[in-house]
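Hi,

Here is the structure I said I would pass on. Have a look at it first, and then read my notes below.

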Amino acid sequence: MVTSRSPVGVHFNVWTPAWDETGSRRAIEATKEAGFDFVEITIFDLATFDAKATARMLKDVGLAATCSTALVSETDISSGDEDAARRGEQHLLECLERATTVGSKWLVGATYGAWGKHQQGVTPEGRASSVEILRRVADRAANLGITIGLEVLNRYETNALNTTQQARELIDEIGSPNIQIQLDTYHANIEEKGQAEAVYACGDRLGYLHIGENHRGMLGTGTIDFRALFRAALDVGFTGPVAFEAFSLNAVGTQHGAVLSVWRDLWDDSLSMAEHARRFIEEQLAAARAVRDSSVSHVSAQPA
Ligand code: MN
């Protein structure tokens, strides 16, 4: 039986702080060299993000890309501030156009509200605004063949979605088929009862995985239960992108590091660390598949 399999990628910040001319070339070439299927590009600043140049480089190297972004307070569609909401909708729509240019079928990240520490919770008016705008953005995304991912983040980085259960409720309220949940193991480790529980709460709405250790360094050297995570992901029929995410001061630099709260070095050599991550993810996926296949054939071999 042929089953579709998750493409495995890596976040560009493993290689470089900024998606500028030098950084993007380095990230694309290193991602290819480390054997990944795609690079995830976070669009932080539309003014400096050159989608056409990115598309050319990806084509030259033979690599796919996914896109993510993060709304901030000035573009917070869940704030209840009409000006911020309008700017946020424009930002998301423009990200969709850039994603199309680079060939991404995804726009994931903090797409539903501002990324960062908040001083108050989301109001009912703010939530209604977010729902209404995401509905319109999803309509445009559907025309472009793009799925929107809502990345569930820990309490210090969003006031809106801390658990996949909350994301599922928001998605049901929006009602757009091309909005799915992006689960990040690093954030889930802080907020959820377990990695598997977080996956099962998504069910068929799990669209995109961020794979990170609890310390956001080398996979397998922390406390995240990846075995349980991947087993649960297969159980819910997940075949979406799996992107490795890790941050180290010597890779992201002091300026971008401060934005990400990265204050120390987690590894020395990005290439060997990323190659290890790709193998680790592929092995974990294969092991989960083997366990699942053997239990399925065992069940079907039982007399009726
Ligand atoms: Mn993430």
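**What I found**

Tryptophan 106 and tyrosine 208 are both buried. Keep in mind that this is a predicted model. The ring centres of tryptophan 106 and tyrosine 208 are 5.5 Å apart and their planes are at 65 degrees, so this pair is edge-to-face. Because tryptophan 106 is in strand 4 (residues 106-114) and tyrosine 208 is in strand 7, the pair ties together parts 102 residues apart in sequence.

The count of aromatic pairs comes to three. Another of them is made by phenylalanine 226 and phenylalanine 280: with centres 5.5 Å apart and planes at 80 degrees, it is edge-to-face too. This pair also links distant parts of the chain, as phenylalanine 226 belongs to helix 8 (residues 226-235) and phenylalanine 280 to helix 10 (residues 270-300), 54 residues apart.

Arginine 216 lies over the face of tyrosine 186, at 3.9 Å from the ring centre.

**The metal site**

Which residues hold the manganese ion? Glu151 (OE), Asp184 (OD), His210 (ND1) and Glu245 (OE) coordinate it, at 2.0 to 2.2 Å. Along the sequence, the spacing of these donor residues reads E-x32-D-x25-H-x34-E. Within that set, aspartate 184 in strand 6 (residues 179-184) and histidine 210 in strand 7 (residues 206-211) link distant parts of the chain, 26 residues apart. Aspartate 184 and histidine 210 are both buried.

In case you want to check the geometry yourself, the ideal angles at a metal are 109.5 degrees for four tetrahedral donors, and 90 or 180 degrees for six octahedral ones.

**Cores**

The largest nonpolar core has 83 residues, and Leu209 and Phe230 are the ones with the most contacts inside it. Neighbours within four places in sequence aside, phenylalanine 230 is in contact with Leu209, Ile211, Val242, Ile281, Gln284, Leu285 and Ala288. Another core, of five residues, lies apart from the largest one, and Phe38, Trp106, Val108 and Tyr208 are among its members.

Leaving out residues up to four places away in sequence, leucine 134 touches Ile77, Thr111, Tyr112, Leu150, Ile174 and Ile179. Leucine 134 and valine 152 are 18 residues apart in sequence, and their C-alpha atoms are 15 Å apart in space.

**Cysteines**

How many disulfides are there? The count comes to zero. Cysteine 67 is in no disulfide: the nearest cysteine sulfur belongs to cysteine 95 and is 7.8 Å away, whereas a disulfide needs the sulfur atoms to be within 2.5 Å. Cysteine 67 counts as buried because its relative accessibility is 0%. Cysteine 95, at 0% relative accessibility, counts as buried too.

Arginine 278 is in helix 10. With 17% relative accessibility, arginine 278 counts as buried, because the cut-off for that is under 20%. Its contacts, leaving aside neighbours within four places in sequence, are with Ala34, Gly35 and Phe36.

Arginine 26 sits in helix 1 (residues 21-33). At 44% relative accessibility, arginine 26 counts as partly exposed. Not counting residues up to four places away in sequence, arginine 26 touches Trp15 and Thr16. Arginine 26 and aspartate 50 are 24 residues apart in sequence and 15 Å apart in space, C-alpha to C-alpha.

Cheers

Definitions and conventions: Residues numbered from 1 in each chain as written. Predicted model: local features only at pLDDT ≥ 70, side-chain atom pairs only at ≥ 80, totals over all residues. Heavy atoms only, no water. Donors = N, O, S within 2.8 Å, 3.2 Å for Na, K, Ca; no water. Helix = DSSP H or I, 4+ residues; strand = E, 2+ residues; numbered from the N terminus. Buried < 20%, exposed > 50% of the residue type's maximum accessible area, 1.4 Å probe, protein only. Core = buried A, V, L, I, M, F, W, Y, C linked by side-chain atoms within 4.5 Å. Contact = heavy atoms within 4.5 Å. Phe/Tyr/Trp six-rings, centres within 6.5 Å; stacked < 30°, edge-to-face > 60°. Lys NZ or Arg CZ within 6 Å of the ring centre and 35° of its normal.
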